[in-house]
Amino acid sequence: MDCIFCKIVAGEIPSTKIYETENVYAFADIEPQAPFHAIIIPKKHIKCADEITAENSGIIAEIFEAIAAISKQENLKDGYRIVNNCGRDGGQTVGHLHFHMLAGRSLEWPPG
């Protein structure tokens, strides 16, 4: 499989680790859109939200537990945004389920 995020998890591509558990990996985005911008992924390849099932949904719960832990670790007391894009029209550019965690500035809605 030629998945950049799988290669990051395998250590084949370097990344700046922010948080890691047995099933979840979070790293700094290389093109940050906010002062704090993490990418949080399941270590197991799941293409996008359309592939979440009863068998793998526990990993999604772990991702949101990681988000809460990262918020505390990074002292994001003023808030943050979690973004997930699914599919081409949804803006997904890497075919591996991932969540963007943005913080450190006021985040307008809808995004501009």
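**Sulfurs, strands and a pocket**

Visitor: How far is the sulfur of Cys-3 from the closest cysteine sulfur?

Guide: That closest sulfur sits in Cys-6, and the gap is too far for a bond. A disulfide here is a pair of cysteine sulfur atoms within 2.5 Å. From Cys-3 to Cys-6, sulfur to sulfur, it's 3.7 Å.

Visitor: What sort of model is this, and how are residues numbered?

Guide: Residues count from 1 along each chain as its sequence is written, and side-chain values use heavy atoms, with hydrogens and water left out. Local features need pLDDT of at least 70 and side-chain atom pairs count only at pLDDT 80 or more, while totals for chains, interfaces and linings use all residues, as this is a predicted model.

Visitor: Which cysteine holds the sulfur closest to that of Cys-86, and how many disulfides does the structure hold?

Guide: For Cys-86 the closest cysteine sulfur is in Cys-48, 3.1 Å away and too far for a bond. The disulfide count for the structure is zero.

Visitor: Are Cys-3 and Cys-86 buried, partly exposed or exposed?

Guide: Buried means under 20% relative accessible area, exposed over 50%, and partly exposed in between (1.4 Å probe, protein chains only). At 6%, Cys-3 is buried. Cys-86, at 26%, is partly exposed.

Visitor: Which element gives the most to the lining of the largest pocket?

Guide: A pocket is an open set of points on a 1 Å grid over the protein atoms alone where a 1.4 Å probe fits, with protein on both sides within 12 Å along at least five of seven lines; lining residues have an atom within 4 Å of a point. This one is lined by 20 residues, with Phe-5 and Phe-27 among those nearest its centre. β2 supplies at least two of the lining residues, but the top contributor, with three, is α1.

Methods
Helices (H or I, at least four residues) and strands (E, at least two) are DSSP runs, numbered from the N terminus.
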